[in-house]
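I opened my notebook to look up which side chains pair up here. My entries follow the model itself.

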Amino acid sequence: MRRSDQRRAAVVAVYQHDLTGRRWPRRSGWAPRRSRGRWQTRAVDRAAELDAIIDAHAHGWSVQRIQPLERSIMRVALVEMLHPDAVPAEEPIPAEGAIEEAVESAKTFCGSDAPGFVNGVLAAVLREVRENAGIS
């Protein structure tokens, strides 16, 4: 399964969990198999941490006001950016790539304002991470 398909499946699983509170089925085509499920598991298990990061960078918006699908897209992207060991891939992609993929998902699945919002929040997180690490 391609990484983009895995990312999309992770977003759907996180979104479903956000709405229903239930975990995804273990035997579906995209469910946790070897490392595949770590992505969505990490996003769900660390939802409070990821939501706090989103909340701190979504100026003027509380995380509760953000649409569930946009929030799920950002959670999955943040896992890819901050916890690359949870992503089912041999080589992690640069954080900019995770942001670009999240923006593309927002363009495909969300409203017209979502891509800019997702980009702004994730870019602010990346800026802060790099500033704290002394990377320019």
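Before listing any charged pairs, I wrote down what I count: a salt bridge is a side-chain nitrogen of Lys or Arg within 4 Å of a carboxyl oxygen of Asp or Glu. I also reminded myself that this is a predicted model.

**Entry: salt bridges**

I searched the whole structure and got 11 salt bridges. I picked out a few to look at.

I began with D5 and R8, whose side chains meet in a salt bridge at 3.2 Å, N to O. With a cut-off of 4 Å, that N to O distance of 3.2 Å qualifies D5 and R8. I then checked where they sit: both are in helix 1 (residues 3-20), three residues apart, about one turn of the helix.

Next I looked up R7 and E80, and found their side chains joined by a salt bridge of 2.9 Å, N to O. Which parts of the chain does this pair link? R7 belongs to helix 1 and E80 to helix 4, so I noted a link between distant parts of the chain, 73 residues apart. I looked up burial too: R7 is buried, and E80 is buried as well.

In helix 5 (residues 95-109) I found E104 and K107 three residues apart, which puts about one helical turn between them. Their side chains form a salt bridge at 3.2 Å, N to O. E104 came out as partly exposed, at 37% relative accessibility.

I then followed shared partners and found that salt bridges join R3, R7, E80 and E101 into one network.

**Entry: aromatic rings**

How many aromatic pairs does the structure hold? I found one. The rings are those of W61 and F117, with centres 5.6 Å apart and planes at 55 degrees, so I filed the pair as tilted. I traced both residues: W61 is in the loop between helix 3 (47-57) and helix 4 (68-82), while F117 is in helix 6 (residues 114-133), so the pair ties together parts 56 residues apart in sequence.

W61 has 36% relative accessibility, so I put W61 down as partly exposed. I also saw that the charged end of R65 sits over the ring of W61, 4.1 Å from the ring centre.

Conventions: Residues numbered from 1 in each chain as written. Predicted model: local features only at pLDDT ≥ 70, side-chain atom pairs only at ≥ 80, totals over all residues. Heavy atoms only, no water. Phe/Tyr/Trp six-rings, centres within 6.5 Å; stacked < 30°, edge-to-face > 60°. Helix = DSSP H or I, 4+ residues; strand = E, 2+ residues; numbered from the N terminus. Buried < 20%, exposed > 50% of the residue type's maximum accessible area, 1.4 Å probe, protein only. Lys NZ or Arg CZ within 6 Å of the ring centre and 35° of its normal.
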